[in-house]
Amino acid sequence: MGFGDHPALLVVDLINAFTDPSSPLGAAMDREVDAARVVLDAARTCGVPRYFTTLWYSDADLKDAGVWVRKIKGLAVLRAGTHEVQVDARLARTSDEPVVMKKYASAFFGTDLLSRLVSTGVDTLVIVGCTTSGCVRATAVDAIQFGFRPVVAREAVADRSAAAHAQALFDLEQKYADVDTIDDVIAEFERTPSRHASSC
């Protein structure tokens, strides 16, 4: 599909609960977090809009997690306002980078992400984060269904299972998204500086 003229970057669920291996939901994602930071810094330099997501449950009885919590008991640690649901500090999120609070896998389901992207004229959604076979994949599938060009940055997505990661990337590339290297993504951010910040 290639890039359109107005990309945005979406950082999916790189929160402490997932990037800390000691968490019930966590795994070692240091390389992917570092790669996501490289893409983020390039987006910041080029003025590409950036969004983050987190999973966030505020009901004391987890009713806002629906039946999903029956399948994944570990969701119970994702309590609103806790350290677990905060964006990993290594990404150095800034105050002008919104955090979309979601309840389920796709960043679009039950959130205002779609209206945010449409209102700013975004046509291409670059996705980094976790997990490749879960929330990244679900978000990419919804993105293409809403008319965006999804681009998954290969080195900047992570999964707890190497097999699931590889299969998800294969499936995404075949049907739902472009799977590009972070170098290719950054080159696209820089390709037409006039559409972004002059410092790019």
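This is a predicted model: local features need pLDDT of at least 70, side-chain atom pairs count only at pLDDT 80 or more; totals for chains, interfaces and linings use all residues.
1. **Aromatic pairs.** Five aromatic pairs turn up when the whole structure is searched. Take Trp-68 and Tyr-104: their ring centres are 5.8 Å apart and the planes meet at 25°, so this pair counts as stacked. The cut-off for stacking is an angle under 30 degrees. Trp-68 sits in helix 3 (residues 68–71), while Tyr-104 belongs to the loop between strand 3 (99–102) and helix 4 (113–119), so the pair ties together parts that are 36 residues apart in sequence.

2. **A second stacked pair.** Phe-108 and Phe-148 are also an aromatic pair, and it is stacked, with 6.1 Å from centre to centre and 20° between the planes. This pair, too, links distant parts of the chain. Phe-108 is in the loop between strand 3 and helix 4, Phe-148 is in the loop between helix 5 (132–145) and strand 5 (149–158), and the two are 40 residues apart. Phe-108 and Phe-148 are both buried.

3. **An aromatic cluster.** Return for a moment to Trp-68 and Tyr-104. Together with Phe-109, they form one aromatic cluster.

4. **Thr-53 and its neighbours.** Next, have a look at strand 2 (residues 50–55), where you will find Thr-53. Its relative accessibility is 0%, so Thr-53 counts as buried. The side chain of Thr-53 makes a polar contact of 2.7 Å with the side chain of Asp-13. Setting aside neighbours within four places in sequence, Thr-53 is in contact with several residues, including Leu-10, Val-11, Val-12, Asp-13 and Ile-15. Val-99, Val-100, Lys-102 and Ala-107 are also among the contacts of Thr-53.

5. **Asp-13, seen from its own side.** The partner of Thr-53 in that polar contact, Asp-13, deserves a point of its own. Asp-13 lies in the loop between strand 1 (7–12) and helix 1 (16–19). With a relative accessible area of 0%, Asp-13 is buried. The phi angle of Asp-13 is near 55°, a positive value in a residue other than glycine. For context, most residues other than glycine have a negative phi.

6. **Leu-62, another positive phi.** Leu-62 has a phi near 60°, which is again a positive value in a residue other than glycine. Look for Leu-62 in the loop between strand 2 and helix 3. Leu-62 counts as buried, because its relative accessibility is 10% and the limit for buried is under 20%.

7. **A cis peptide bond.** The bond from Cys-130 to Thr-131 is worth checking by eye: this peptide bond is cis, with omega near -10°. Most peptide bonds are trans. Thr-131 is placed in the loop between strand 4 (124–130) and helix 5.

8. **The largest pocket.** Thr-131 comes up again here. The largest pocket holds about 190 Å³ of space and is lined by 13 residues. Those that lie nearest its centre are Trp-68, Ile-72, Thr-131, Cys-135 and Arg-160. By class, the lining of the largest pocket has nine nonpolar residues, two polar and two charged.

9. **The second largest pocket.** This one has a volume of about 160 Å³. Helix 2 (30–46), strand 5 and helix 6 (162–176) each contribute at least two residues to its lining, and strand 5 provides the largest share, with four. Among the lining residues are Arg-31, Glu-32, Arg-154, Glu-155, Asp-159 and His-165. The lining of the second largest pocket is made up of four nonpolar, two polar and five charged residues.

10. To finish, find Ala-177 in the loop between helix 6 and strand 6 (178–180). Ala-177 has 3% relative accessibility and so counts as buried. Ala-177 and Met-1 are 176 residues apart in sequence, and the distance between them in space is 7.7 Å, C-alpha to C-alpha. Leaving out neighbours within four places in sequence, Ala-177 is in contact with Met-1, Pro-150, Val-152 and Leu-172.

Key. Residues are numbered from 1 along each chain as its sequence is written. Side-chain values use heavy atoms; hydrogens and water are left out. Rings of Phe, Tyr and Trp (its six-membered ring) pair if their centres lie within 6.5 Å; planes under 30 degrees apart count as stacked, over 60 as edge-to-face and the rest as tilted. Buried means under 20% relative accessible area, exposed over 50%, partly exposed in between (1.4 Å probe, protein chains only). A polar contact is a pair of N or O atoms within 3.5 Å; within protein, one must be able to donate a hydrogen and the other to accept it, and residues adjacent in sequence count only if both atoms are side-chain atoms. Contact means heavy atoms within 4.5 Å. On a 1 Å grid over the protein atoms alone, a cavity is a set of points where a 1.4 Å probe fits but cannot get out, and a pocket is an open set with protein on both sides within 12 Å along at least five of seven lines; lining residues have an atom within 4 Å of a point. Grid points are joined across faces, edges and corners, and a volume is the space filled by probe spheres set on the points. Ala, Val, Leu, Ile, Met, Phe, Trp, Tyr, Cys and Pro count as nonpolar, Asp, Glu, Lys and Arg as charged, and the others, Gly among them, as polar.
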